[in-house]
Amino acid sequence: METFYLTNARRADEQGGFSPFAVCVQDGRIAALGALEVPPGAVCFDCGGALLAPGFVEIQFNGGFGDDFTRTPESIWQVAAQLPRYGVTSFLPTIITSPLQTIEQAQQVLRSGPPTAWRGAWPLGLHVEGPFLNPTRKGAHNPHYLRQPTAQDGQDWSPQTGVRIVTLAPELPGAEKLVRRLTEQGVLVFAGHSAATFEQAQAAFAWGVCGGTHLFNAMPPLENRAPGLAGALLTTPGLVFGVIADGIHVHPANVRLAWTAQPDGLILVTDAMAALGMAPGTYCLGDFDVRVDQTSARLADGTLAGSILTANAAVANLARFVGCSPAQAIDAFTARPADLLGLQDRGRLKVGQRADLTLLDWEQGAQVLATFVAGQLVYQRREA
């Protein structure tokens with residue numbers, strides 16, 4: 001068996017503290033952890049006192065490093081190879097509003113598998129965001145391809161065929177039938193890019209809608225007598241919702257509001273696009289050119305078009321915005337999305353889990369120092 005040890009690591013606890021520990025990895029899984037005795041001559045990776053956490057599980061990610069999944073689905077594997085630099089070890093490539101053939105192409109890319117000798121974050125299936133969205137809340141989605149659901153849509157979408165999450169506007173005619181079908185097929189359905197009222201959202205939850213896409217964005221504002229989709233998500237137990245914690249998409253005070261209302265429902269996402277990891281300039285999101293500066297990505301009219309937020313920065317921001325412990329912030333990008341997707345083998349530091357791990361310098365904004373996927377070192381930060 002291939003065995004090595006991660007030594008001199010720290011683990012975060014729910015009370016906000018850190019404690020020293022070590023991890024034994026055998027054949028890509030966590031075999032033991034705690035105050036371990038390391039055998040003489042064992043292969044070791046010295047964590048240098050840094051914080052060791054589960055690898056991040058990203059459920060909404062449009063592309064990065066110059067590539068956009070909707071425009072070039074074949075880029076999924078090459079982008080995935082670079083994601084560990086931000087601590088991401090599993091993710092859902094997101095296909096935004098486009099011809100349905102684009103989704104089929106992305107499904108085929110996943111079926112074909114990675115290139116030879118490939119290493120990186122593992123794509124778990126697609127997040128299909130559109131085309132069943134409300135035109136009044138389209139954001140950066142191309143209105144030319146928006147459509148209402150029909151009886152033929154979604155028949156071959158399931159986790160087995162590479163579709164894990166579908167975002168739609170539940171107030172559209174025909175949405176109920178599609179939601180019920182997708183739910184029966186094992187697909188998670190989120191409400192997003194929607195003008196749904198509070199009552200319409202509650203009805204959709206009864207059909208099987210289980211969450212919301214980028215809370216507060218591309219949905220009606222929370223008003224005193226019209227709580228809308230946001231209010232429904234925040235007051236209905238058992239639901240989840242993605243939050244883009246970059247301080248641009250959602251004001252920190254509203255992130256605190258969401259955390260206070262439903263801390264167990266908040267899942268961190270980046271909604272990152274092709275400019276992630278690149279210099280400022282012009283990049284694409286689907287069919288649109290997006291202007292990217294040091295902090296945000298926008299269409300020419302100022303509409304936000306994805307983000308350039310990194311996963312590790314999102315975790316650090318959440319802890320800072322809401323005052324939660326590092327462990328709680330990490331859970332929002334690890335255990336919680338893993339549980340949502342029904343993944344029993346990742347998202348936590350536990351014996352038997354895949355050794356998907358990321359090493360963070362928490363005091364430096366959760367900077368990623370190293371990332372392991374199934375026990376393989378796939379990224380290590382090099383000092384300049």
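I take helices (H or I, at least four residues) and strands (E, at least two) as DSSP runs, numbered from the N terminus. The model is predicted, so I use local features only at pLDDT of at least 70 and side-chain atom pairs only at pLDDT 80 or more, while totals for chains, interfaces and linings use all residues. Residues are numbered from 1 along each chain as its sequence is written, and side-chain values use heavy atoms, with hydrogens and water left out.

Entry: aspartate 356. I found aspartate 356 in the loop between helix H9 (335-340) and strand S20 (357-361). Aspartate 356 is buried, at 5% relative accessible area (buried is under 20%, exposed over 50%, partly exposed in between; 1.4 Å probe, protein chains only). I then looked up its contacts (heavy atoms within 4.5 Å). Beyond four places in sequence, the partners of aspartate 356 include Thr89, Ser90, Arg346 and Ala374. The aspartate 356 side chain comes to 2.7 Å from the backbone nitrogen of alanine 374.

Entry: salt bridges. I counted six, with a side-chain nitrogen of Lys or Arg within 4 Å of a carboxyl oxygen of Asp or Glu as the rule. One of them joins arginine 147 to aspartate 153 at 3.0 Å, N to O. Arginine 147 is partly exposed at 31%, whereas aspartate 153 is buried at 5%. Another salt bridge links aspartate 339 and arginine 348 at 2.8 Å, N to O. Both ends are partly exposed, aspartate 339 at 43% and arginine 348 at 34%. Arginine 346, which I had listed as a contact of aspartate 356, forms a salt bridge with aspartate 345 at 3.0 Å, N to O. Arginine 346 is buried, at 8% relative accessible area.

Definitions and conventions: Polar contact = N/O pair within 3.5 Å; in protein donor to acceptor, adjacent residues only side chain to side chain.
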